[in-house]
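Welcome! Here is a short tour of a protein model, from the contact between its chains down to a few individual side chains. Have the viewer open and follow along.

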Amino acid sequence: MPPPSKILYTVYALAASGDLATHVGATLRRVAIGFAFGSLAGTALGALTGYSKPLARLLDPTLQALRAIPSIAWVPLFILWFGIFEASKVALIAVGVFFPVYLGVYGAVVGVDRRIVEVGRVFRLSGFELIRLILLPAVLPDFILALRAGLGLGWMFVVAAEFMGASEGLGYLLVDGQQLGKPDQILAAILIFAVVGKATDSLLLIVSAPFLRWRDTHASGI
Amino acid sequence: MLDIRSLSKIYPNGTHALQDFSLSIGKGELVAVIGGSGCGKSTLLRLLSGLEAPTLGEISLEGRLLTEPDSLVNIVFQEPRLFPWLTVADNIGFGLRHLASSERDEQVSAALEKIGLRGHEKRWIKELSGGQAQRVALARALVTKPAVLLLDEPFSALDAMTRVELQDHLIDLWRVNATTMLLVTHDIEEAAFLADRVVVMRPWPGRILEVVDIGLPRQRNRMSDELAEVKRRLSDLLAHSLNDGSRTASA
């Protein structure tokens, strides 16, 4: 077990050589693209199934079954389909992000107060307007929570994706550290995961905060 | 003219909420509907607003059949049902989204002025009192200039002083806009003070017991003997409606 000083020095050395920026950049880019695809699909499908009972009956059982598949099981298929480079990694991350976002949005939309939806009907909103103007704003607090859960899984899956074979990225540092017997590099990578993961979560919170000022919750005074 | 012909509603669970309700309401008339629980008052408004479809009967406005929510019919509920994620101004302007923003802003600030909430444009809904929120709900419904405004016990959740204030306010708005109003209430004084005519309902199934012409001039005095007389009459009718021997349900 390397001492903390050695781990910090490894981080410093990586930063000084410019490798750190390359690895963090590669991993961040994968998470960002995967998160974008996964959360977009999760939001769209969650909003549709939450809005329409027939659609929920049609799609939700299938999606729940897909959710039950251990996501790593997709890896061989994704490699066959998308090759061993970026596309398969991003696809795996998107799958990881999709389910918590889908579940969160679906559950929240189904739970929107009937009385406020009726106001939308009185104002003769179309289905799409109802989703955009009432259902999504009403679920925004839950939506942010779902995005955070999705982002968390995105970070989890990027490691799995980078284990699939990568020449750069934080996951690569882990594999490389194991193969070359450099525990300090493994721990440095883990430390960086913690810092960068927390930073992206905080960023999500900061960006979403202005949109949640309307909330009347017991914590809103804090 | 709002023409309601033989309206009946039986819910899928078998509840016979409204039976053979017919009423013609003149343009600009203010009609109150009173009755105890189970007499179909709220069902009537849900049918008129297009939120529910009648089992039988039809509704027409100026000769046009109403079968779904209509741009000329709006409703204010017992709870304000405002959108908490929008500011006061955006709530009021909700029905004016299709207008250019300058025109919308103009109408919204005129409406805010009318309800006495100027300067509250940027407030969140959580910052309003119950009375203020209900005023905003009134403004949100009226700003679209509906021909018919339905009011479902709009003041019943407010304290007595705020209620009186808002009743006066409703009369002012009604005078200015000449909107046809149908007010459902369980408050006899509210019905007698506000309405041109009062429809007294009887329950199980909900149907009309009697339609009472108030026949008092506007600028009514809440304390006058005439109003007291009307209230007594309505009160007697209401008691009669609830003690109806034909009723089988037990309360």
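Predicted model: local features only at pLDDT ≥ 70, side-chain atom pairs only at ≥ 80, totals over all residues.

## The interface

Chain A and chain B bury about 2,100 Å² between them, and carbon and sulfur atoms give 66% of that area. Counted by residue, 20 residues of chain A are in contact with 23 residues of chain B.

Polar links cross the boundary too. Seven residue pairs are in polar contact across the interface of chain A and chain B, with both residues at pLDDT 80 or more. On chain A, helices α6 (114-122) and α7 (127-163) each supply at least two residues of the side that touches chain B. The largest share of that side comes from α6(A), with seven residues. By residue type, the side of chain A that touches chain B divides into 10 nonpolar, one polar and nine charged residues.

## Salt bridges between the chains

How many salt bridges are there between chain A and chain B? The count is four. In one of them, the side chains of A:E118 and B:R46 meet at 2.5 Å, N to O.

Another pair to display is A:R115 with B:E79, a salt bridge whose closest N and O atoms are 4.0 Å apart. A:R115 lies in helix α6 of chain A, while B:E79 sits in the loop between β6 (73-76) and α2 (88-92) of chain B, so the pair joins two chains. Both partners are partly exposed: A:R115 has a relative accessible area of 33%, and B:E79 comes to 25%.

B:E79 has a partner within chain B as well, because its side chain also meets that of B:R81 in a salt bridge (2.6 Å, N to O). B:R81 is buried, with a relative accessible area of 11%. If you select A:D113, A:R114, A:R115, A:E118, B:K9, B:R46, B:E52, B:E79 and B:R81 together, you will see residues that are linked in a network of salt bridges. Over all chains, the count of salt bridges comes to 21.

## Chain A as a whole

What secondary structure does chain A have? Chain A has nine helices and zero strands. Read from the N terminus on, its elements run α-α-α-α-α-α-α-α-α. Along the principal axes, the C-alpha atoms of chain A fill a box of roughly 65 × 45 × 25 Å.

Chain A has 222 residues, and 46% of them count as buried. Among the contacts in chain A with a separation of 6 or more, 76% are between residues 24 or more positions apart.

A:I33 belongs to helix α2 (residues 19-51) of chain A. Is A:I33 buried or partly exposed? With a relative accessible area of 36%, A:I33 is partly exposed. A:I33 and A:A91 are 58 residues apart along the chain, and their C-alpha atoms are separated by 9.1 Å.

A:S208 is found in helix α9 (residues 183-208) of chain A. A:S208 has a relative accessible area of 6% and is therefore buried, the limit being under 20%. A polar atom of the A:S208 side chain lies 2.9 Å from the backbone oxygen of A:L204.

## Helix α4 of chain B

B:R135 and B:E165 form a salt bridge, with their closest N and O atoms 2.5 Å apart. This pair links distant parts of the chain: B:R135 is in helix α4 of chain B and B:E165 in helix α5 (residues 160-177) of chain B, 30 residues apart. B:R135 is buried at a relative accessible area of 13%, whereas B:E165 is partly exposed at 44%.

B:Q132 also lies in helix α4 (residues 130-142) of chain B. B:Q132 is partly exposed, with a relative accessible area of 22%. Which residues does B:Q132 contact, leaving aside its neighbours within four places in sequence? They are B:L117, B:H120 and B:E127. The C-alpha atoms of B:Q132 and B:T179, 47 residues apart along the chain, are separated by 21 Å.

Key:
Residues numbered from 1 in each chain as written. Chains lettered and ligands numbered in written order. Heavy atoms only, no water. Contact = heavy atoms within 4.5 Å. Buried area = accessible area lost by both parts, 1.4 Å probe. Polar contact = N/O pair within 3.5 Å; in protein donor to acceptor, adjacent residues only side chain to side chain. Helix = DSSP H or I, 4+ residues; strand = E, 2+ residues; numbered from the N terminus. Nonpolar A, V, L, I, M, F, W, Y, C, P; charged D, E, K, R; others polar. Buried < 20%, exposed > 50% of the residue type's maximum accessible area, 1.4 Å probe, protein only.
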